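Here is a friendly note to read alongside the structure. Keep the view open and follow the numbered points one by one.

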Amino acid sequence: MALSDDKLSEVTGQAFMNLTTDSHNGLTFTRLNLGLDVDTQLNIKKLELGNYSRSGEAAGTADIAIDNFALGSVNDATGAITPFKIKDPYLEIAYSGSKVVGVRMGFGEAKGHLSGDIKRITGNVAVDIYGKGSYLASQISCAWYDLICHGAKGIVGGAYANSDFSAAAQLVTNPGGDPDPVRAQYIGMVDGQKLSIPAGSGFDNFLLGLFSSSNCALLGTGTCFPLTNYGSFPVGKLDPNSQLFTDAAKGVFLSMQTQNVQWRDQQDTSQFVQALAGAFMNLPRNADGSAAIRTSFQEAFEGIPRVDTCLGTPTKGC
Amino acid sequence: MISKLCAIALACAALPVWAEMQALDDEGLSQVEGQGGVYLSGEFSVNKNGGVLWSTPTTANQAQWTADQRSCGRNGQIEVCGLRLGIRSEANGGWFVLDNIKGIFSFEGLTLRTRLINSGFGGDGAAFNQDVLELGLPNEMKFKNTTFSVAVANQGGWQNNKTYAPSFQQTNIFSGQIDGTVRVQGNVLIFPKN
Amino acid sequence: MMQKRTSLAVLLMLPLWAQAELKALDDESLASVTGAGFGLVIEDFLYDGTNATITINDITNSTGQNVPISVKELYVGATGSNKGSNLNPVDIGRLSYPWTLDLVKGENLKTFRDDGQLVQTLPTNLSVLSFAAPSKIFGAGGQACVSGFAAAGNNCSMRSTEKVDAGVRFDFNVTGSRTDVINMDFTELTMDGSYLRLWGDTARQQLVGEARINLYAKTLEILSCATGTSGCTSAQEQAARTIYFTNTYAQYALGYGKSQPLLFDVTSNGQFVLELPNPVAGISNSTTRNQVAADFYANAPRTNILIDNLNFGGTRASATAVPTGGYNFGRNEISGLSFNYLKVSSHDL
């Protein structure tokens, strides 16, 4: 509703914070929005949320346990810092009647490196793996008798050597290849997940559709990797050539809830994100379908080395 | 009669001898407690009817105020404005502002005196053994329409940015308003540290 | 006769002068002289704001309308107040460990590191205004910062007679159709080791500082309904709507005077900026950078937050027991948080 002239003239100070409400799926929400731009480079020695005994999980574990957590990176050669950028953070409370059933802290936009020794993570971590056929072929190993596998390796490394392949990955169990959103230790392709060539024809993708990941393996190559392999994740779009972040991830949040809660998705406000009971970290796909975290096949197989997050001699643990 | 007078005079003469002042030694001095003090009651009003800078306009529409008018109401109300305090912590920087400080507050029984503490306080008093300045808080403080605002602005003084000074920018962070009686008791003890 | 008396009096006074003569302090005593300053203790303090109406204004909703927040049930009193219903006075600070206001040279104001070492965090040769809570004690006489919880440390100075119960309730109405209530109650709250230090930085031409805010509490409970209203009357209903923190502390560290002072200023377009600059910014020699970084990581205070037990909707068997039932989030910890860089700027929404 447009403010009348009278009302407009009263809005003397603009404000950097405001309160909004929402209601859907039987719950009501109150939110404090903060108009802040936060640039930071920080290190946390130990981040642990939700250390309680949970059925189906090993004793002594936590929903989120990350050692040497860091945001942003430093360049020791020059002493310069590349900060992690957060825009418009907010704090939202979910109520069922007058009872608080969830709290979340989210970022309107986030981009930069997120680093850590991830021991356990609970949540929705969407990763896109991309790479050239030539590299993927080099990782496919076939038993001598597996003609289909050899055939596929030949095609991938031959006709499709220069094509950009992509696969969607998420938190999984290993072995098993089942989705594991709770206290996961691995990330990879779930059972039935296929490779695709985004720029390819229907035929290309039909061919690839014949092969899908099963029990953490696809064409003889492992498709599930321990989270500890990944020292750093780029959040947002990182241009691999310039190593600069070109776009931010929207919809990143950290929440705690006593039951499964549908939180409104920030990038597509007609959608919701289901957060499971417990502590939950959401690093979702962007509105255009791209994941908040994109890594190459090479990085997926070999791990991503941790970026330097400490000034001076150490790279972590400072 | 005269002898009686003389006797009285002699008696009086003797008195000063017994009452002659002697320097007190340290031990004696330390036992002398302050007997006096201050007891204060009062009612203070700050800008209850506005201040001298701004006169009160007849409309809440800021664009229609004259050059010397300002109203500090909200929701279409017209209100006088309170005290404004601006602090600039950086050369050529912006200002932290405490704005619209006004209202009436009253209290009874604020006391001020010195006191020696050498006992109590869970055992700390004996080791402390020092004089303190004791400010006794009044048991009740009454507030009426007392307000203040915390803001940041790019200039120290307020200007009407709808008409005369479009470059003036002030962001109110929050404002507070207090009405009623607050019970606050206690003695604030102030003493020099070594 | 009078002359004799006078001389006697004079003679009597001579030994007094001798006893009161100034002696030079030896180095050991001098080391404990921290500078000119005042100690502050509030004896028998009690604050009860239940009969006053306090409103916070100027926080708006998305259309720019004011959302008034009513502040009720604000109280500070001695522990054991049963959420403010039984308020008794409490001493804030101790005579031997008071709150202090000092003006002192940077090199004379040392800070305790977490391991008990005294280090210099402030630059040399400038005057610092310091407002500090009672200092910590490393060694004999240290008190448990959170009673019955050793992980919070035993180096606080406030005993249980100086820890407070405090609480506040916020009611606000964003839409008009429902009122949100946040009713907070702390027990055994203390702030030992906190401080705010301010000084002028000539190169930056501004007021800069370093701050540490330590909060230790045995329990914090947050109730999300108004007691006495529908759905919030029985003990069971209230327990289901309570968030319980037990054995919790937060130690916020902002700024390290020598290489990373806290900068807080207002820009020329009326927005505020909070900044912790890069400690090695502007140093071209890499050996010097490494030295400054090593000193920063070794001596700058860090932020630590620990909630030993977080529970939503359970019930406590006694006032400070860990709740059972509800959803137990267990232990939550952020430790060793250190900023190499932070810049928070506000903008209009």
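1. Let's begin with a facing pair in chain C: C:Asp48 stands opposite C:Tyr75 in β4(C). This is a predicted model, in which local features need pLDDT of at least 70 and side-chain atom pairs count only at pLDDT 80 or more, while totals for chains, interfaces and linings use all residues. Residues are numbered from 1 along each chain as its sequence is written, with chains lettered from A and ligands numbered from 1 in the order in which they are written.

2. The strands behind that pair are β1(C) and β4(C) (residues 69–78), which pair in the antiparallel sense over 2 bridges. Helices and strands here are DSSP runs (H or I of at least four residues for helices, E of at least two for strands), numbered from the N terminus. Two strands pair if DSSP finds at least two bridges between them.

3. Which strand of chain B pairs with β1(C)? Strand β6 of chain B (residues 170–192) does, in the antiparallel sense and over 9 bridges. One bridge to find on screen links B:Pro192 with C:Phe38 in β1(C).

4. Now widen the view to the whole contact between these two chains, which takes 49 residues from chain C and 51 residues from chain B. Two residues are in contact if their C-beta atoms, placed from the backbone, lie within 7 Å. On the chain C side, α1 (2–20), β1 (37–48), β2 (52–57), β13 (206–223) and β15 (262–266) each supply at least two residues. The most comes from β1(C), with 12 residues. By type, this side of chain C divides into 21 nonpolar, 19 polar and 9 charged residues. In this count Ala, Val, Leu, Ile, Met, Phe, Trp, Tyr, Cys and Pro are nonpolar, Asp, Glu, Lys and Arg are charged, and the others, Gly among them, are polar.

5. Is C:Pro98 buried or exposed? It counts as buried because it has 27 C-beta neighbours inside 10 Å. The rule is that a residue is buried if 20 or more other C-beta atoms lie within 10 Å of its own, exposed if 12 or fewer, and partly exposed in between, with C-beta atoms placed from the backbone. C:Pro98 sits in the loop between β5 (90–92) and β6 (99–105) of chain C. Leaving out residues up to four places away in sequence, it touches C:Gly39, C:Leu40, C:Val41, C:Gly93 and C:Pro134. C:Leu40 is 58 residues away along the chain, yet the two C-alpha atoms are separated by 5.5 Å.

6. C:Asp102 is a residue of strand β6 of chain C. With 20 C-beta neighbours inside 10 Å, C:Asp102 also counts as buried.

7. Chain B has 3 helices and 6 strands. From the N terminus on, they run α-α-β-β-β-α-β-β-β. Of its 194 residues, 20% count as buried.

8. Chain A has 5 helices and 23 strands, and buried residues make up 48% of its 318 residues.

9. The domain assignment of chain A, which is automatic or from a database, gives domain 1 (14–124 + 234–283) and domain 2 (127–226). Over C-alpha atoms, 29 Å separate the two centres. The contact between them takes 9 residues from domain 1 and 6 residues from domain 2.

10. Finally, look for an open sheet of 5 strands in chain A, in the order β15-β12-β11-β10-β23 and with mixed pairing. β15 (224–226) and β23 (293–296) stand at the edges with a single partner strand each, so one side of each is left without a neighbour in the sheet. Inside the sheet, β11 (residues 164–172) and β12 (residues 186–188) pair in the antiparallel sense over 3 bridges, and A:Val172 has A:Tyr186 in β12(A) as its bridge partner.
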